[in-house]
Amino acid sequence: MKIKESKWHLLFLTIIIIQIFPLIYMISMSFKTMDQIFAEPLKIIPSTAVLKNYIYIFENVTIFRYIWNTFFISATITMGKIVTSILAGYILTFKNFRGKKILIFLILGTLFVPFTVTMIPNYLMISQMGLLNTSFGVILPQLADGMGIFMIIQNMKGIPKSILEVAKLDKIKETKVLYHIILPMIKNSIISMGILFFINSWNEYFWPLLILSEKKNYTLSLALQMFISSEGGNDWGITMAISALTIIFPIIMYGFFQKKIMTSFIKSGVKG
């Protein structure tokens with residue numbers, strides 16, 4: 001039995017190493033000079049670690065502007081998705097009306113619609129509204145999320161409806177019931193959902209690429225590609241340093257909230 005467990009542990013360890021090795025390798029290269037990168041291509045710990053790549057970035061690239069652009073877009077999208085998910089989830093959980101099941105089915109159906117199908121209609125809509133090359137052009141089509149609504153519904157299903165009935169008898173406004181009673185009961189799920197929304201928005205590349213054209217409005221993902229294409233050339237040390245700065249914040253957030261995220265998904269999968 002122990003031998004079988006050891007084999008599984010070895011398999012999982014191998015998978016973990018395969019998953020994290022590119023990240024470790026990227027960070028390692030960011031502390032190497034070009035000579036070291038080609039002389040020691042597979043050496044994880046540099047013989048002489050240098051900070052010149054990061055110094056170059058902070059002196060020659062408007063990295064803080066790109067970080068702010070990315071944060072503003074990601075935070076706004078996250079808040080929008082959370083609000084719409086909570087409101088829609090509340091109505092679809094505690095209210096009864098004709099066509100409710102069909103509406104839920106359509107919302108869940110959006111999870112299976114690929115981005116390429118909605119890309120052109122969304123682009124034309126943003127163009128007609130005059131929001132091309134603006135942060136709000138990136139934000140607007142992403143203010144609602146079918147997965148977020150589904151997760152909220154699954155978590156709200158575990159709340160006894162008797163709470164709402166008592167509140168109704170006491171003539172308490174539904175907004176107060178939602179804010180003071182229901183939301184505190186699903187707080188952890190909302191936090192974990194928000195973290196996932198934020199990380200996905202932070203790492204998004206293709207949609208901002210379609211909407212944003214001026215460099216001053218770029219997100220970190222676009223700035224990285226711009227740097228590789230024109231400014232950075234083949235200087236892999238600088239390129240890896242920018243990549244490290246791009247991913248460090250989402251990784252820290254995910255690592256800090258990993259337990260809440262996993263717990264939320266487990267609860268969402270077993271309720272209802």
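1. Asn133 counts as buried because its relative accessibility is 15%, where buried means under 20% relative accessible area, exposed means over 50%, and partly exposed lies in between (1.4 Å probe, protein chains only). Asn133 sits in the loop between α6 (115–128) and α7, and its phi is near 65 degrees, a positive value in a residue other than glycine. As background, most residues other than glycine have a negative phi.

2. A word on the source: this is a predicted model, in which local features need pLDDT of at least 70 and side-chain atom pairs count only at pLDDT 80 or more, while totals for chains, interfaces and linings use all residues. Residues are numbered from 1 along each chain as its sequence is written, and side-chain values use heavy atoms, with hydrogens and water left out.

3. The mean pLDDT (the predictor's confidence in each residue, from 0 to 100) of the protein chain is 84, and 90% of its residues reach 70 or more. Among the elements, helix α7 (residues 135–139) has the highest mean, 94, whereas helix α13 (residues 220–231) has the lowest, 72.

4. The protein chain holds 14 helices and zero strands, where helices (H or I, at least four residues) and strands (E, at least two) are DSSP runs numbered from the N terminus. The C-alpha trace spans about 75 × 65 × 35 Å along its principal axes, and buried residues make up 38% of the 272 residues. Of the contacts (heavy atoms within 4.5 Å) between residues at least 6 apart in sequence, 71% join residues at least 24 apart.

5. How many aromatic pairs does the structure hold? There are 13, where rings of Phe, Tyr and Trp (its six-membered ring) pair if their centres lie within 6.5 Å, and planes under 30 degrees apart count as stacked, over 60 as edge-to-face and the rest as tilted. One of these pairs is Phe72 with Phe136, whose ring centres are 5.9 Å apart and whose planes stand at 85 degrees, so the pair is edge-to-face. Because Phe72 belongs to helix α4 (residues 63–94) and Phe136 to helix α7, this pair ties together parts that are 64 residues apart in sequence. Phe72 is itself partly exposed, at a relative accessible area of 27%.

6. Tyr90 and Phe94 form a tilted aromatic pair, with 5.4 Å from centre to centre and 50 degrees between the planes. Being four residues apart in helix α4, they are separated by about one helical turn. Tyr90 is buried at 6% relative accessibility, and Phe94 is buried at 11%.

7. Trp68, Phe71, Phe72, Phe136, Phe198, Trp202 and Phe249 form one aromatic cluster. Ser135, in helix α7, touches Phe72, Ile73 and Leu212, not counting residues up to four places away in sequence; Ser135 is buried, with a relative accessible area of 17%.

8. Is α4 parallel or oblique to α11? The axes of α4 and helix α11 (residues 187–202) come within 8 Å and cross at roughly 140 degrees, which makes α4 oblique to α11. Axes here are lines fitted to C-alpha atoms, for helices over the stretch in contact, with angles from 0 to 180 degrees between N-to-C directions; angles under 35 degrees count as roughly parallel, over 145 as roughly antiparallel, 65 to 115 as roughly perpendicular and the rest as oblique. Residues of α4 that meet α11 include Ile67, Phe71 and Ile86, and their partners in α11 include Ile190, Phe198 and Trp202.
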